[in-house]
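My notes follow in the order in which I checked them.

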Amino acid sequence: MNLPAGLFPTLPVATDARWALPVVPPRRAGESRVERAWAVLGSVADPEVPALSVVDLGLVREVTDLGDGGGLAVVVTPTYSGCPATEQINEAISRALEDDGLGPVSVSLRRAPAWTTDWMSEVGRERLRAYGIAPPGRCGDAAAGAPIHIVARGVSCPRCGSAQTERLSAFGSTACKAMYRCLACREPFEHFKPI
Amino acid sequence: MSTPSITSPQDARSRYLLRVADTCLIHAQRQSEWCGHGPILEEDIALTNMSLDLIGQARALLTHVGQGATPPLDEDQLAFLRDERDYLNMTLVEQPGRKGGRDFADAVMRNLLIGAWLQLMWQRLQASTDAEVAAIAGKAVKEARYHVEHAADWVVRLGDGTDESARRMREALDRLWPYTHELFDDDDADAAAVTSGLGPARSALQADWQATVKTTLADAQLALPKDTAFRSTGSRGVHSENLGYMLAEMQHLQRAFPGGRW
């Protein structure tokens, strides 16, 4: 299923220093192509959560230099089975690396091990909180198939920090989020579900 | 209708996988009928989110089945260009809700009965000797847990709710229960899957499924219906009258505009 370019136009997003992604750093002397690629990918935003890069999310699993003008091979693990942004993410990765002169780029999919929010970086978690989304707790054994609880524990309000929150729905505006509200500051907020 | 149907792979392995893929696909299609019609906004979003997960799972499995077919088929050909008899979904998921599909009791009850089955199926498929199937299952099982939790939450809330909600949940259960026998009704594809290590026989899921469903129904104060002699056969390709209408809607664009793209 190929979606046409421009179906999801990139909306202008007001950047905020608290959560803005780093700009691509200048090249360092002696930097390998793979190191350079990771630096570039650290600035490629996830289309649904622009406060996180594809590296912060743990989507990029491997970057290999194919050498001799062969370009780069990037391995990506999808977040959700039905994530509608998968194709868009792959394109954004290719475009960013090719724009930086690292092409040609081939992006391949690796399903196992399945993506988990435990792969999200600490920096990413803090940026997520600043963006207004409560970051996921650790899955640990939950990922192994233990029952999940009706009310997740320990989700603090990303605005006021209160632990007095309640879940409104396990499903939110995107597959990865649940809807919550804070009982202290009364603000609704989203929670990135541990999975 | 100008695009001819494809020849669907008929080997036992493909039929075993298509049964799971089609159950996800048709369940997603039924559930997505709630898009824009949910009783509350949160539920509208939840039902469509779950449908999206199910379509993703179906896509992955259909792609995998298609790659193994001769000649190879893609996910769209398998999803949209088969004849009704070649769809192998469980009959349960094609059942429409009452009140023109707008009875929420039917939606949550169907979601519990099939969700608990899919969750167990994905759990077992994680150990498949087919590495791609195991990888798809490893992702899907995490999503399935959320679906079952959500369905069970509603079944208990409404079953143990008001007189009106309890009555409607009882009716939904009585109406859908006869279709659950099929979820555990082994055939040659199950036997072949067990031999090859592709996946479990359907009957092997029955004890755990009953434990989950019985616990939830007991919490919901809903009595288990009596078994009847009725047997549905969608997973063998012989469907209730409801699937044809769904396929007419699902296939219309691909049939009318061959290879049509956005």
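Entry 1, a helix with a bend. I started with H6(B), which bends by about 30° at Ala140(B). The model is a predicted one. I then checked the length of helix H6, residues 131-159 of chain B: at 1.5 Å a residue, its 29 residues should span 42 Å, and the end C-alpha atoms lie 40 Å apart, which agrees.

I asked how many residues of H6(B) are buried. I got 24 of the 29, so H6(B) is largely enclosed by the rest of the structure.

I looked at helix H9 of chain B, residues 206-219, which packs with H6(B) at an angle of about 35°, the axes being 8 Å apart. From H6(B), the residues in this contact are Ala152(B), Val155(B) and Val156(B), and they meet Thr216(B), Leu217(B) and Asp219(B) of H9(B). Sorted by class, I have 4 nonpolar residues, 1 polar and 1 charged for the contact of H6(B) with H9(B).

I moved to helix H2 (residues 41-67) and helix H5 (residues 104-125), both of chain B; their axes come within 13 Å and cross at roughly 35°. I noted the hand of the H2(B) and H5(B) crossing as left-handed. On the H2(B) side I listed Glu43(B), Leu47(B), Met50(B), Leu54(B), Gln57(B) and Leu61(B), which meet Phe104(B), Asn111(B), Leu118(B) and Trp122(B) of H5(B). The contact of H2(B) with H5(B) divides into 7 nonpolar residues, 2 polar and 1 charged.

I picked Asn111(B), which sits in helix H5 of chain B. Is Asn111(B) buried or exposed? Its relative accessibility is 3%, and the cut-off for buried is under 20%, so Asn111(B) counts as buried. Leaving out residues up to four places away in sequence, I found Asn111(B) touching His27(B), Gln31(B), Met50(B), Ala116(B), His147(B) and Ala151(B). Of these, Met50(B) was already on my list for the H2(B) side of the helix contact.

I turned to chain A and found 3 helices and 7 strands. Along the sequence, the elements of chain A run α-β-β-α-β-α-β-β-β-β. Chain A has 195 residues, of which 41% count as buried. I also looked up sequence separation: among contacts in chain A with a separation of 6 or more, 53% come from residues 24 or more positions apart.

Definitions and conventions
Residues numbered from 1 in each chain as written. Chains lettered and ligands numbered in written order. Predicted model: local features only at pLDDT ≥ 70, side-chain atom pairs only at ≥ 80, totals over all residues. Heavy atoms only, no water. Axes fitted to C-alpha atoms, helices over the stretch in contact; angles between N-to-C directions. Helix = DSSP H or I, 4+ residues; strand = E, 2+ residues; numbered from the N terminus. Left-handed = near helix turned anticlockwise from the far one by under 90°. Contact = heavy atoms within 4.5 Å. Nonpolar A, V, L, I, M, F, W, Y, C, P; charged D, E, K, R; others polar. Expected span 1.5 Å × (residues − 1). Bend = angle between axes of the 7 residues up to and from the residue. Buried < 20%, exposed > 50% of the residue type's maximum accessible area, 1.4 Å probe, protein only.
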